[in-house]
Amino acid sequence: MVPLKKVGILLGPLSFLIVLLFFRPDGLSEQGVAVLACTFWMAIWWVLEVIPISATALLPLVLFPLSGALDIGKTSASFGHKYVFLYLGGFMIAMAIEKWQLHRRIALMVINLIGTDISKIILGFMVATAFMSMWISNTATAVMMLPIGMAIITQLKDNPLTQENETEVFGKSLMLAIAYSASIGGLASLIGTPPNLVFAGVIEKLYNIEVTFSQWIIFGLPISTILLIICWQYLIKYAFPIKQKEFPGGKAEIKRLVSELGVMSTEEKSILVVFLITALLWITRSFLSTWLPELDDTIIAMLGGLALFIIPSSKVGEKLMAWEDMKNIPWGIILLFGGGMALASGFENSGLANWLGEKMVSLENLPVFIILLVIVAAVNFLTELTSNLATAAMLLPILAPLAFSLDVHPFLFMVGATMAASCAFMLPIATPPNAVVFGSGYLTIPDMMRAGFWLNIFSIFLIFAITYFLLPLLWDFNAFSFPKEFILDK
């Protein structure tokens, strides 16, 4: 049997050539065809892991300029996107926490507080991560929780009575729990994830209608809560079931390990202060922007990261972080995210995103509930390869006239699509939290695809059901006055 990787080596470039040379649909520019061809090549190599996935993320730097998809300046600019540096600043703080063993202390304190039941530890992480993600960026939340989660994994010793490596299984489950709950938590509030803000912005810009924070949370919180519970049960019972129910030794062992740590060192205290100040700035950024309008999550992350090179440690002449420590940064994940941003830029600049969105208008002859289900499913899987922010920005203005043509309230399609844009759970490049936890080393792409596919399916039907049946009841549609005319390129 020929290994899939060997097939993929040829299948990637072959699919690229076939699409580039022979695919000529109406309304799609040559530039858009080129981006689509590059996407096929990258998707095949990512899925089959033909070469390291971070290396595959560099393909746009070669393929985009040569195929005419995007020039080298715009392509390479994506690898310097502000979110790349948000990652970098967050990882710098995470590396410092790990270097001085603060993560071990936090992990043991978390276990001691929650208890030694493994399923409850995962739930505790999910609730904490989801709650934080309601108020700060899901990327920042995942970066904060990653070192704590990794420290807890190292405390779990394999049960000699089981055949499989249960530390590894627990590691996969906890890493995905952090990533998934960071995305799920963002659904609950208007500021929790970028697509929610895009929806509010589009509605206000096009129709001068304000969707308030309280209106959104009435709808978003139930979806977030139900999906979080489904996700927890799915992870611990089906995706990565763990036969070992408690940590070896239970509470007594955890207390012994806590006592072994002794008092906090000067370095631990300093890093904890940096960590807490960074988190506080992330949480309060929306208030601080009144006085510092240019302040954003990336600036805060880099501020925290740079402080580590300034604050001295207890060792004479040494700081909390040295440049040599930077070799431990998962640079491959940073390149992977840059490649994902380059792909999203190609979709947007080539017109491919608009072309895909306009194809949805051809659905107007179907029943409304089928159209809504197709929209939610299409957006869900589309954001596996594209930015959820870019997807929401290009689709929401297109869905409004589709709703008007069917005499349906625009919120039905627009809110469904907005929610679906934040529920891509299959690939590392799908969402920033997925990329963050993939850098832990506990997960492979097949792990993420297998677990994420079914969670995608669950989220599609949950979002469809609540949007179709409950949204009209939770939001009084009659209170929103929409004009019947709409200019597509407005």
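How many salt bridges does the structure hold? The structure holds 4 of them, a salt bridge being a side-chain nitrogen of Lys or Arg within 4 Å of a carboxyl oxygen of Asp or Glu. Side chains of opposite charge can pair when their charged atoms come close.

This is a predicted model, in which local features need pLDDT of at least 70 and side-chain atom pairs count only at pLDDT 80 or more, while totals for chains, interfaces and linings use all residues. Residues are numbered from 1 along each chain as its sequence is written, and side-chain values use heavy atoms, with hydrogens and water left out.

Figure 1. Helices (H or I, at least four residues) and strands (E, at least two) are DSSP runs, numbered from the N terminus. Of the 490 residues, 55% are buried; buried means under 20% relative accessible area, exposed over 50%, and partly exposed in between (1.4 Å probe, protein chains only). Contact means heavy atoms within 4.5 Å. Among contacts between residues at least 6 apart in sequence, 78% join residues at least 24 apart.

**Figure 2. Glu168, Lys172, Asp447 and Arg450 are linked in a network of salt bridges.** Start with Glu168 and Lys172, whose closest N and O atoms are 3.9 Å apart. Both sit in helix α10, 4 residues apart, or about one turn of the helix. An α-helix has 3.6 residues a turn, so residues three or four places apart point the same way. Lys172 is buried at 10% relative accessible area, whereas Glu168 is partly exposed at 39%. Now look at Asp447, which meets Lys172 in a salt bridge of 2.5 Å, N to O. Asp447 belongs to helix α22 (residues 445–474) and Lys172 to α10, so this pair ties together parts that are 275 residues apart in sequence.

**Figure 3. Asp325 and Lys99 meet through their side chains in a salt bridge of 2.8 Å, N to O.** Asp325 is in the loop between α15 and α16 and Lys99 is in helix α6 (residues 82–99), so the bridge ties together parts 226 residues apart in sequence. Asp325 is buried, at 15% relative accessible area, but Lys99 is partly exposed, at 33%.

**Figure 4. Helix α2 covers residues 30–48.** From first C-alpha to last, its 19 residues reach 27 Å, close to the 27 Å expected at 1.5 Å a residue; the expected span is 1.5 Å times one less than the number of residues. Because 14 of the 19 residues are buried, α2 is largely enclosed by the rest of the structure. Just after the helix, Glu49 takes a positive phi of about 50°.

**Figure 5. Ser183 is a buried residue of helix α10 (residues 166–186).** Its relative accessible area is 1%. Leaving aside neighbours within four places in sequence, Ser183 is in contact with Asn138, Ser422, Phe425, Thr431 and Pro433.

**Figure 6. Thr278 is found in helix α14 (residues 266–288).** Thr278 is buried too, with a relative accessible area of 4%. Beyond its neighbours within four places in sequence, Thr278 is in contact with Ile93, Ile300 and Gly304.

**Figure 7. Ile311 lies in the loop between α15 (297–307) and α16 (331–350).** At 26% relative accessibility, Ile311 counts as partly exposed. Ile311 and Ile271 are 40 residues apart in sequence and 9.1 Å apart in space, C-alpha to C-alpha.
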